[in-house]
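Thanks for coming. I will go through one structure this morning, from the overall fold down to a few single residues. Please have the sequence and the model open.

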Amino acid sequence: MLTAAEAKWPGLLASNTSSIPIGELAVGLRAPERFIGLHFFNPVWAMALLEIVVGPATAAPTTAAAVALAERLGKEPIVVRDSPGFATSRLGVTLGLEAIRMLEASVASAADIDKGMVLGYRHPMGPLELTDHVGLDVRLGVARTLQAAFGDRFAPPPLLERLVAEGKLGRKSGQGFYMWVDGKRQ
């Protein structure tokens with residue numbers, strides 16, 4: 001059921017992008033004040049977080065409606081200002097790219113890098129398995145967006161570019177940093 005304030009607001013339009021600035025996506029909209037980012041996390045059914053991205057033209061009632069929607073969906077919202085990669089993708093991609101660089105340099109196996117983050121930092125999955133879940137092509141696209149905005153600290157590692165060029169996109173293609181059968185890691 002809508003609150004009185006929500007009933008007066010004509011609705012919102014949202015994007016689930018993980019890196020494209022909301023302000024760029026809102027260009028040309030008739031009502032950019034109703035546009036917002038709702039960045040869900042994979043797997044959506046299991047992840048509690050919903051990152052709400054407020055663009056430069058986003059109105060306060062849009063933000064309030066997005067927070068209310070997140071809570072109705074059983075999600076824990078965080079509200080962040082529009083910036084390439086927002087808060088979560090910027091941090092997550094940093095970790096993922098470094099994990100790929102470590103794999104390239106033979107610091108440890110993919111499984112041991114991931115196990116280190118799962119057991120040592122209590123991440124639900126390691127950065128390489130997460131990259132397989134999200135898609136190596138998606139991770140590459142986000143890295144390129146962040147590289148354009150912030151420079152070479154977000155430059156994609158050659159291994160990531162090679163795997164994507166070979167069609168090894170992670171879970172959706174059956175191979176990435178791991179082998180996948182019927183959506184399950186082997």
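The protein chain has eight helices and six strands. Here helices (H or I, at least four residues) and strands (E, at least two) are DSSP runs, numbered from the N terminus. In sequence order the pattern reads α-β-α-β-β-α-β-α-α-α-α-α-β-β.

Before going further, some ground rules. This is a predicted model, in which local features need pLDDT of at least 70 and side-chain atom pairs count only at pLDDT 80 or more, while totals for chains, interfaces and linings use all residues. Residues are numbered from 1 along each chain as its sequence is written, and side-chain values use heavy atoms, with hydrogens and water left out.

Now the overall dimensions. The C-alpha trace spans about 55 × 35 × 30 Å along its principal axes. Of the 186 residues in the protein chain, 41% count as buried. Buried means under 20% relative accessible area, exposed means over 50%, and partly exposed is in between, with a 1.4 Å probe and protein chains only. For contacts between residues at least 6 apart in sequence, 61% join residues at least 24 apart; contact means heavy atoms within 4.5 Å.

Next, the largest pocket. Its volume is about 740 Å³, where a volume is the space filled by probe spheres set on grid points that are joined across faces, edges and corners. A pocket, on a 1 Å grid over the protein atoms alone, is an open set of points where a 1.4 Å probe fits, with protein on both sides within 12 Å along at least five of seven lines; lining residues have an atom within 4 Å of a point. There are 28 lining residues, and the closest to the centre of the pocket are Phe41, Thr88, Leu130, Val134 and Arg139. Strand 2 (35-40), helix 4 (88-104), helix 6 (127-134) and helix 7 (136-150) each give two or more residues to the lining. Which element gives the most? Helix 4 does, with six residues.

Leaving out residues up to four places away in sequence, Thr88 touches His39, Phe41, Leu49, Glu51 and Ile78. Thr88 and Ile78 are ten residues apart in sequence, and their C-alpha atoms are 10.0 Å apart.

Ser83 sits in the loop between strand 4 (76-81) and helix 4. Ser83 is buried, at 13% relative accessible area. Beyond its neighbours within four places in sequence, Ser83 is in contact with Arg90 and Phe150.

Gly135 is in the loop between helix 6 and helix 7. Gly135 counts as buried because its relative accessibility is 1%. Not counting residues up to four places away, Gly135 touches Leu169 and Lys172. Gly135 and Lys172 are 37 residues apart along the chain, with 7.1 Å between their C-alpha atoms.

Last, helix 8. Which residues of helix 8 (residues 158-165) are buried? They are Leu159, Leu160, Leu163 and Val164. These residues are on the same side of helix 8 because they cover an arc of only 130 degrees around the axis, the arc being that of the directions from the helix axis to the C-beta atoms. As background, an α-helix has 3.6 residues a turn, so residues three or four places apart point the same way. Pro158 and Ala165, on the other side of helix 8, are exposed. The cover over the buried residues of helix 8 includes helix 4 and helix 7. After helix 8 comes Gly167, with a positive phi near 80 degrees.
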